[in-house]
Amino acid sequence: MKASDLFIKALESEGVEYIFGIPGEENLDMLNSLKDSSISLILTRHEQAAGFMAATYGRLTGKAGVCLSTLGPGATNLVTAAAYAQLGAMPMLMITGQKPIKTSKQGQFQIVDIVGMMRPLTKYTCQIASGYNIPSRIREAFRLAEGERPGATHLELPEDIACEQTNSEIIYQSHHRRPLAEKRSITHAVEMIHAARHPLLLIGAGANRKQSSKVLKEFVDRTGIPFFSTQMGKGVVDERHPLFLGNAALSANDFLHQAIHQTDLVINVGHDVVEKPPFFMQHGGFKVIHVNYLTASIDPVYYPQLGVIGDIADSIWQLKEKIIPQKKWDFRYFLKVKKAVEEHLKEGIDDDRFPMYPQRLVYEVRKVMPDDGIIALDNGVYKIWFARNYKAYQPNTVLLDNALASMGAGLPSAMAAKIVFPKRKVLAICGDGGFMMNSQELETAVRLKLNLIILVLRDNAYGMIKWKQANMGFDDFGLDIGNPDFVLYARSYGANGHCLKKSVDLGPLLNHCFDTPGVHVVEVPVDYSDNDRILNKELKAKSSSI
Ligand SMILES: Cc1ncc(C[n+]2csc(CCOP(=O)(O)OP(=O)(O)O)c2C)c(N)n1
Ligand SMILES: [Mg+2]
């Protein structure tokens with residue numbers, strides 16, 4: 001068999017449905033083999049966007065998303081997406097081409113050491129030097145990408161290997177179950193939880209990766225232990241739950257951190273140090289039980305005293321069966337914090353000012369999104385408002401990147417979500433900065449006939465950095481940008497363009513867009529003038545008075 005045919009057959013046997021990317025001449029054998037396969041090629045306008053889409057496919061399905069590029073410049077364009085998948089624990093396989101490795105008459109033209117470049121960004125990176133190795137290399141790339149902790153892998157398929165003949169055979173996935181936590185670690189955790197006075201449950205990204213939502217809700221209902229979430233742990237348990245204390249969108253000085261200061265034990269389910277810290281551990285402070293698939297990476301802000309290591313859902317099930325709610329547990333202060341959080345979340349939701357107030361924006365978006373609707377955020381200051389104020393009702397309905405926190409992923413991640421869940425409503429939320437980093441993918445979205453809305457929050461600035469600049473006491477300098485006319489820009493791609501004129505119109509406009517097939521770009525002018533006052537100053541003052 002031709003090696004590139006075997007390569008595609010091996011991908012099919014891994015259950016690959018899509019390859020996102022841009023081929024170059026070094027991938028043409030593979031492209032030809034792909035033509036007759038069950039795998040759809042999703043051609044993008046930039047390799048970075050293909051990588052973000054593949055990673056998000058992996059995040060949502062647990063199966064490695066696959067992206068493709070040529071050698072040199074195509075492969076270097078995948079670098080940010082590799083880091084995004086690797087830090088964000090999203091299973092992804094990158095396939096890149098290369099010049100012939102046996103004989104070549106091109107000198108060093110376009111040749112970069114891609115395998116070496118990918119090494120710090122992946123769990124596995126390898127050049128395929130013989131058709132014979134294709135099945136094992138592909139199986140290994142998937143095994144590593146998908147196994148805990150998931151991440152990025154990379155295979156380089158050189159042109160002369162792709163077209164050679166091989167009699168190698170596919171290696172199929174082996175059946176295995178995830179290891180379960182050992183009984184004594186459960187007993188130890190139960191003892192610590194029983195001995196605590198103010199235990200608190202934290203739900204992080206790992207709990208969003210596999211099905212642990214039902215058992216975690218049972219855990220909360222049965223034990224009565226209040227919980228909070230990290231940005232990437234949003235929605236595992238419905239955030240309308242009466243014991244939900246809030247989201248750790250900020251690392252300190254929010255209402256939630258008052259509860260964290262009072263706790264003596266955090267039961268941390270699925271959070272790891274790659275996310276921006278939801279709290280900082282201190283010597284002599286509260287203890288932490290790390291419930292995760294793997295032992296904790298240690299950091300000056302994180303050094304848990306106990307690990308309950310194994311499948312998260314099973315560990316939670318075992319714990320909930322053994323924990324007996326204790327009379328001495330005292331959650332009164334936590335519930336006071338909850339009350340203050342809820343009051344604060346109501347502030348600004350009816351503010352009519354225009355350009356639009358972020359709190360009102362979040363409120364209006366929540367109102368139009370169904371329970372299973374997905375919002376996909378780019379990176380900017382609005383991410384804090386959405387993480388903090390937008391309650392997620394179901395797992396993975398708020399897609400944001402709190403690991404690499406790269407700009408530019410909002411639109412591609414929303415497109416991938418729509419491809420995985422064509423029947424669900426999907427809304428991308430981007431700043432005017434982040435949107436323009438991958439806005440060329442509007443063409444891809446239009447070509448794929450995706451029904452998708454993209455909110456572009458226009459403050460004519462890199463607002464997040466302005467907010468930090470103000471917080472650090474610096475003068476306002478160097479962060480203002482100009483913008484295209486977003487309505488005309490959208491229309492030039494064959495998308496629909498809208499510009500919001502009044503805050504009160506946002507809800508009806510979004511409903512109109514959801515009811516009208518196609519890609520919709522909605523420009524929303526935003527008023528960030530209170531961000532510094534509210535997020536940097538008032539929250540600190542108000543929360544410390546609880
Ligand atoms: C690729 C990338 N470049 C730079 C940054 C640093 N950064 C974080 S947020 C931000 C500004 C975002 O601006 P915009 O998208 O307009 O959102 P806003 O905060 O204005 O709402 C910058 C420059 C980043 N996170 N990622
Ligand atoms: Mg901006």
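Predicted model: local features only at pLDDT ≥ 70, side-chain atom pairs only at ≥ 80, totals over all residues.

Colleague: Which residues of helix H22 are buried?

Modeller: A residue is called buried when its relative accessible area is under 20%. In H22, which spans residues 506–515, this holds for Leu-506, Gly-507, Leu-509, Leu-510, Cys-513 and Phe-514. Viewed down the helix axis, the buried residues of H22 fall within an arc of 165 degrees, so they line one face of the helix. The face turned away from that buried side carries Pro-508 and Asp-515, which are exposed.

Colleague: How should I read the packing of two helices, and at what angle do H16 and H23 pack?

Modeller: One looks at the angle and the distance between the axes. Helix H16 (residues 382–389) and helix H23 (residues 531–544) pack at about 55 degrees, and their axes are 11 Å apart. Because of that angle, H16 is oblique to H23. The crossing of the two helices is left-handed. H16 contributes Ile-384, Trp-385 and Arg-388 to the contact, while H23 contributes Asn-531, Ile-534, Leu-535 and Leu-539. Sorted by class, the contact of H16 with H23 has five nonpolar residues, one polar and one charged.

Colleague: Is Asp-330 buried or exposed?

Modeller: The cut-off for a buried residue is under 20% relative accessible area. Asp-330 has 15% relative accessibility, and therefore counts as buried. Asp-330 lies in the loop between helix H13 (312–322) and helix H14 (332–346). Apart from neighbours within four places in sequence, Asp-330 is in contact with Arg-197 and His-198.

Colleague: Where are the cis peptide bonds to be examined, and what are their omega values?

Modeller: The backbone angle omega is the value to consult. From Glu-148 to Arg-149 the peptide bond is cis, with omega near -20 degrees; Arg-149 is found in the loop between helix H7 (134–146) and strand E6 (152–158). The bond from Phe-354 to Pro-355 is also cis, with omega near -5 degrees, and Pro-355 is placed in the loop between H14 and H15.

Colleague: What is the phi of Asn-396, and what is that of Ala-405?

Modeller: Asn-396 is not a glycine, yet has a positive phi of about 55 degrees. Asn-396 is buried, with a relative accessible area of 12%. Ala-405, likewise a residue other than glycine, has a positive phi near 50 degrees; Ala-405 is partly exposed, at 35% relative accessible area.

Notes
Residues numbered from 1 in each chain as written. Chains lettered and ligands numbered in written order. Heavy atoms only, no water. Helix = DSSP H or I, 4+ residues; strand = E, 2+ residues; numbered from the N terminus. Buried < 20%, exposed > 50% of the residue type's maximum accessible area, 1.4 Å probe, protein only. Contact = heavy atoms within 4.5 Å. Axes fitted to C-alpha atoms, helices over the stretch in contact; angles between N-to-C directions. Parallel < 35°, antiparallel > 145°, perpendicular 65-115°, else oblique. Left-handed = near helix turned anticlockwise from the far one by under 90°. Nonpolar A, V, L, I, M, F, W, Y, C, P; charged D, E, K, R; others polar. Arc of directions from axis to C-beta.
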